[in-house]
Amino acid sequence: MINLILNKVTAVVFIFFIILTSAVSSKDTGLIFVSNEKSHEVMVIDPDTYEIIKSIKTSKRPRDLEWNSDKSKLYVACGDDDIIDVIDIETLEIVDQIDTGPSPEVFVFSPDEKLIYVSNEEDSSLGILDLEEGIIMNSVPTGAEPEGVITSKDGKTIYVTSEVADMVHVINADELFVEKNIIVGTRPRRFAFTPDEKELWVTAELSGEVWIIDTSNHEIIDVMKFLPPGFREEDVTPVGLTMNKEGTLTYLSLGRANHIAVVDTIKREVLDYILVGSRAWEVALTRDEEKLFVANGLSDDVTIINLKNNTVIKSIPVGRVPHTVVIDD
Amino acid sequence: MTKIENLKVLIISFILISLTFIVQAKDLKIAYLDLTDDPRYDENLIYARIQLKPTGRPLIAVKIAEEESKMMGDALGINFILENFSFDNIDNLNSFINKNDENFIYIVDLSSADLKNLNQNISKEEVIIFNVSSSDNLLRNENCNKKIFHTIPSYNMLTDSLGQFLIKKNWKKVILLKGPHEEDIQFAQSFKNSSKKMGIQIVEEKDFILSNDPREREQNNIALLSGDKKHDVIFLSDTEGEFGRYVPYNTKLPRPIIGTTGLTPETWHWSFERHGAPQLNSRFEKKETNRRMSGYDYAAWISFKSIVKAVKNTRSILYEDIVKALTDKNLRLDGFKGGSLSFREWNNQLRQPILLSTHNALIEKTPIKGFLHEINDMDTLGKDLKETKCKF
C-alpha cells in the first residue's frame, strides 16, 4: 500500500518535473532581440556565439520591445505602420498584429496584462489599448511627442514623458486623467523605478541629466549630471537606463557621448564610464546581471559589456539604426 | 445650521477661494508683427520655390509653437498668448513697438531693409525683438542691438557652413558669381571671408545681370560666365533667385553649384530625418497643407519656444529675468537639430547647426565633425567672440 502511494507520488513528482523542465526549456533561451528602426526587422542573437541567428521582418520602423509576463511573446511597436507586431518566441515568427494609434513609440502592459499603454508620438496622446478587443479604448492627451511610459506595480499610476513639453505626466490609471505635471529637464525620454518604487528616474536627453522624482509626493528630489572624460556637456544625451534588482546600480546610456554611465543608485554617484558605440540608446541587463547589452543607433551595432570588470566583450553589427534590445532570460 | 455645518461651509469656501487664487494664471503676451505688402511674399516668387527664400508667412509656425507650449504654460501657471498684427508700412510697425505698453516681446518677420529701419528707430528700452528672416551680417556686428535676438542664421554662418563642406570634399577652387543687389553683394562678401578663413581659393569673381540682351552676353550668358579658369565648384550669390534657378546644367563645364542654388545652407529642411525633425515637419504639414516648413518658419517657431524655455528656466515673466535667461549659456533649448541650443551672449545670435541641402535632400549637417571650437563647435559657424564687431 505504502509502496503504491510512494509510486504514485514519484509518478506525480516525475510528471511535474517533466512539465517544469519543458516549461523552462521553452523559455530562458537567453536569446537577444534587437529592433532595427530603418531596416524594419528584429534581429535574434545567439547568447553564446553572439551571432545573428535570424532576422524577423516586421512592420515599418520597429522601436520599443516588450515581453508578456511569461515571455512567450515579444511585442514590437512599429511606428510607421501604426501597429504592434507580436512575435512568438518558440517559432520566432510574427503571429499577430494589433492596431495602435498613429506612430506608436514606447509602450508597457498594465500589470494585469489586459491593457497596453502606448505613447502616440504623432497625435500627442497616451493610447489605452484593450488587448482582448484589439482596439484603442481610450486615450489621454499629453504634451507633444510623448515618449517614455511606465506603470507602478499596483497599476494605479501611469507616468509618461513629453519630449516637447519638458514634463512628466502623472496619470491616474483608473480614471484616466492627468493628476499632475512634473516639470523636468529638456527632452525627457525614459524611466526606471528603484525596486521599492520610492524613486522614479527619468532621463532628460538634451539637458544631459537624470531627474529623480519622489513617487510619494511627485516632487523632484535630485538632478544628476554626467560627463565622461574628453566630452563636452552638450554631447551628453542620456536616453536608456536600467537598474539592478538590488537597487544599488543603475546603467545609463549617454547617447552621443558614446558611453554607458555606471551609477551608484543610493549615493547617486557615477562609479564608471564605459566606452561603447555611437549614440548609445537602449540598454538591457541579463538576469544574472553579469552582462549589459547596449543598442548603438548611429554605429548600427550592439555592444556587450562584461559587468564583472566593466569592459566591452564585443560589438556586433546588427542592421540599420538599432533602437531597443531585450533578452529572453 | 449647526456649528459644524457652519464650519464646513467656511472651510469649503476658504478652499474654493484659495483654489481660484492658485488657478489664476498670469498672461505673457507675445506679438507677431509683419508687413501686409512684403514683396518677399509675391506669389510669383513663391511659385518658383526658390531655395533659401521664404515659401509663405511664418505665422503658422509660431502658432504651432504656441500649441506645443500650452501644457508647459499650464504647469507654470502662465498663459503664453500669441497676438499678430500686420502693418502697411515699417513706420507704423516701429511706432507700434515704441508706443505700446501692453507688450514687450515681439517676433518680427521683416526683410533686411525693414529690420535695419526698425533697428535705427527703437526708442523703447525694455523690449525683446526676435528677427526671424534677415541674415544681414551688419545687424549682428557693427549695427547690433541688444534688444534684437536673431533666430535666423547670419550670412556669415551660412557661408562658413558651405566653406566647411568644401574643405571636407577638398573642392578648393571656386568661381564666384554674384548679382547686383545689396544682399547678393553681402552674401558673396561673406563667402569670400569664409574662403579666406578656411583656405579656399576664389579663382575668378564675376557679376551677372538678369537680361537677354546679346550686347551684355558677358554678364548674362551662364556658359560665358562660368568657364575660364580651372575650378571645382561655382558659388552663386543670387538672393533674388530668378537668375540662379537657371544656372545648374547651363555652365560650360560640368561643375556643381553651391550658394543660393544647388547645395544651399538651410536653417531647416523638410527632409531632415533626425532629432525629432520628422515630427515637427509633420505637425507643420498638418496645419499648412500647401507647403513645407522653411528656415523662416523654423526661426519663427523657435523664437516662441525660446521665450517659453526662458520663462521655464527663470519661472518669471519679468523683462529683466527673461532677458537674463535667454542669454544664459545654459538655456538648453531643444531645436530639433541635435544638441541643445543657446544664444551667443556677444550678439544675441542663436547658435545652431546649419543643414546643407539640395532642393529635396539633406547632404550634410554642419558644423562638420572635425571643425573644432574651444568653447562650442557650433561657434565655428559665424563670427565668434574674438571676431565679432558687436558691442552692446
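Buried area is the accessible area, found with a 1.4 Å probe, that two parts lose on being put together, summed over both.

## How the two chains meet

Met71(B), Gln279(B) and Arg332(B) supply 28% of what chain B buries against chain A, more than any other three residues. Counting contacts (heavy atoms within 4.5 Å), 30 residues of chain B touch 32 residues of chain A.

## Before you go on

This is a predicted model, where local features need pLDDT of at least 70 and side-chain atom pairs count only at pLDDT 80 or more, while totals for chains, interfaces and linings use all residues. Residues are numbered from 1 along each chain as its sequence is written, chains are lettered from A and ligands numbered from 1 in the order in which they are written, and side-chain values use heavy atoms, with hydrogens and water left out.

## Two domains in chain B

Chain B splits into domain 1 (27-154 + 268-353) and domain 2 (172-255), with bounds that come from an automatic or database domain assignment. Their C-alpha centres lie 32 Å apart. Where they touch, domain 1 of chain B brings 10 residues and domain 2 of chain B brings 9.

Between them, these two domains of chain B bury about 680 Å², 38% of it on carbon and sulfur atoms. On the domain 1 side, Ile50(B), Lys53(B) and Asn137(B) lose the most area to domain 2, together 47% of what that side buries.

## A sheet in chain A

Now for chain A, where 4 strands form an open antiparallel sheet in the order 8-9-10-11. Strands here are DSSP runs (E, at least two residues), numbered from the N terminus, and two of them pair if DSSP finds at least two bridges between them. The edges are strand 8 (104-109) and strand 11 (135-141), each pairing on one side only.

Strand 8 is joined to strand 9 (residues 115-120) by 4 bridges. Across from Phe107(A) you'll find Val118(A), in strand 9.

## A look at Asp214(A)

Asp214(A) belongs to strand 18 (residues 209-214) of chain A. Asp214(A) counts as buried because its relative accessibility is 19%, and buried means under 20% relative accessible area (1.4 Å probe, protein chains only), with exposed over 50% and partly exposed in between.

Leaving out residues up to four places away in sequence, Asp214(A) touches Lys198(A), Glu219(A) and Ile221(A). Pro188(A) is 26 residues from Asp214(A) in sequence and 16 Å away in space, C-alpha to C-alpha.
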